[in-house]
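Here is a short briefing on selected contacts, helix packing and surface features. Read it alongside the sequence and the coordinates.

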Amino acid sequence: MNGNNSFFPIRVRQVLAWAALLSLAALFYGSCLPLRFNPVGLEQVVSEFHKIQWYSLGVNKRADWFANGLMVLPLGFFATGALHYGRRNLAIMALTTAGLIVSLTILICLIEAIQVYFPPRVQSLNDMAAGFAGGLLGFTLWHLTGRLSVSALQKFLDLPKGIERIHFLANLSFLAIAISSLLPLDLILSFEELLGKYHEGKIHLLPLSDLENLKSIGWALLHGCWILPLSFIWTLRLGHKQAIKRIVTAAVFVELLTLPIYGRSTSVSDIAIPLILGLSMSAATFKFAELTQKFDRPDLLLAATIIWSVSLIAIFDIRYERFSIDEKVIKQRIENAFYSAPYASAQRSTEFQMIENIGGKLILFGLGGFLFRLFLLRLRGNSPTSRLGFDRIMTVLVVAGLSSLIEISQIFLLPLIPEISDVITGSLGAMMGIAICETLTK
């Protein structure tokens, strides 16, 4: 930051360039999974590339098409920012834009060609068109929101640590929840498709009519828990009356967004449950507001971390059907878990499911990183900052250890799938939780 508390453009471009490179690496890695390299000749690659077809996609397949575009969107966004942020010379911007479009075209063709070396990847003109559209959308989004995003980050860092920053992130997280409700972006484009969604049982107009057993009730309650932290923060920051307005608006708005999405179920229950949970949390927060300050204690934070750990084990392991100690089965599951390429199983699902799965786990493990880092912070009080690096390492090790324990337990719990990928995701989530904790707390 410079003297007037604004970012240097060159520094922002450097950060965006690194983000673009990471996006590029993730795009190539995800496009080549499960990394089963098949050495073929260049002639076969060229031949296969020329035979790439365009497939007719119905409404139930649009999710894959949109997801392919979303995979390229971050690269387009960050690369555009790295080239354009802070620049005023129109000639340079026009030249870099042309270079960006040409590079994007080459990149999309290169990815489809490389996939010939990595079966069972399938090449299609649909994927190429979606990738190109996603890159252009990233380009467009940067010019619509990029500078606003940098300004918002600057505004966030200018806020005092504590409730002001937490409230800022709460509003940002609600925006992320609203956007996620539109995924996988398999938009309904006609009234007939909307009727098809209804006849398939994906629209429930009667409250609680879709909750048939305890399992469905449990998942509905878990699904509605997104409103709890928002209700708590809104009540503390805005007061009870304003929080109620936000809770009602948020619950209705988020669920209505799922209506034109073919792959998402739309239910009045998913409005009613967040409303009940959110209003209850707001009432409790308002009544016991003075006591919330006492929660920020090492013993209570350690208890919260333990509760989080037990809850996480239950969430990941509760779906098992049988316990097995068969030697051959266990040996095969160990090999599949720890000797396959990280995130190789993502290839068996759609890109949307992969993003949703990894994103959800990052949030869950990130919460643990936040709680344990805050516990160490409060435990040490005003101790020297020389312990900062040790505390960070300890936090990552604790969260990674828990994720390893979960994966080891799943070796014996069929049909759950143990993966080394979840240990990596857990470690990344812990780092994210540490960063948020140190950004928000005094």
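The side chain of K202 meets that of E200 in a salt bridge, at 3.5 Å from N to O. The model is predicted. A search of the whole structure finds seven salt bridges.

**Salt bridges**

- Side chains of opposite charge can pair when their charged atoms come close.
- E200, the partner of K202, has a relative accessibility of 47%, so E200 is also partly exposed.
- D299 pairs with R297 in another salt bridge. The closest N and O atoms of D299 and R297 are 2.6 Å apart.
- D299 is partly exposed at 42% relative accessibility. R297 falls in the partly exposed class too, at 38%.
- E438 and R392 form a salt bridge through their side chains, with an N to O distance of 2.7 Å.
- Which helices does the pair of E438 and R392 connect? E438 sits in helix α17 (residues 420-440), and R392 sits in helix α16 (residues 388-410). The pair therefore ties together parts that are 46 residues apart in sequence.
- R392 has a relative accessible area of 34%, so R392 is partly exposed.
- R373, D391, R392 and E438 belong to one network, joined by salt bridges that share partners.

**Helix packing**

- Helix α4 (residues 90-114) and helix α5 (residues 125-158) have axes that come within 9 Å. Their crossing angle is roughly 150 degrees.
- Angles over 145 degrees count as roughly antiparallel, so α4 is roughly antiparallel to α5.
- The crossing of α4 past α5 is right-handed.
- Helix α1 (residues 9-32) also packs against α4, with axes that come within 9 Å. Here the axes cross at roughly 30 degrees.
- Angles under 35 degrees count as roughly parallel, so α1 is roughly parallel to α4.
- The crossing of α1 past α4 is right-handed.

**Nonpolar surface patch**

- Which residues form the nonpolar patch on the surface? They are I244, V248, V252, L256 and L279.
- Together these residues have about 340 Å² of accessible area.
- Helix α10 (residues 240-257) supplies the largest share of the patch, with four residues.
- V252 is found in helix α10. At 30% relative accessibility, V252 counts as partly exposed.

- L221 has its place in helix α8 (residues 214-224).
- Is L221 buried or partly exposed? L221 has 38% relative accessibility, so the class is partly exposed.
- How far apart are the C-alpha atoms of L221 and S269? They are separated by 9.8 Å. Along the chain, L221 and S269 are 48 residues apart.

Conventions:
Residues numbered from 1 in each chain as written. Predicted model: local features only at pLDDT ≥ 70, side-chain atom pairs only at ≥ 80, totals over all residues. Heavy atoms only, no water. Patch = residues over 30% accessible without salt bridge, like charges linked within 9 Å, V, L, I, M, F, W, Y side chains within 5 Å. Areas by Shrake-Rupley, 256 points an atom, 1.4 Å probe, with all protein chains shown as cover. Salt bridge = Lys/Arg side-chain N within 4 Å of Asp/Glu carboxyl O. Helix = DSSP H or I, 4+ residues; strand = E, 2+ residues; numbered from the N terminus. Buried < 20%, exposed > 50% of the residue type's maximum accessible area, 1.4 Å probe, protein only. Axes fitted to C-alpha atoms, helices over the stretch in contact; angles between N-to-C directions. Parallel < 35°, antiparallel > 145°, perpendicular 65-115°, else oblique. Left-handed = near helix turned anticlockwise from the far one by under 90°.
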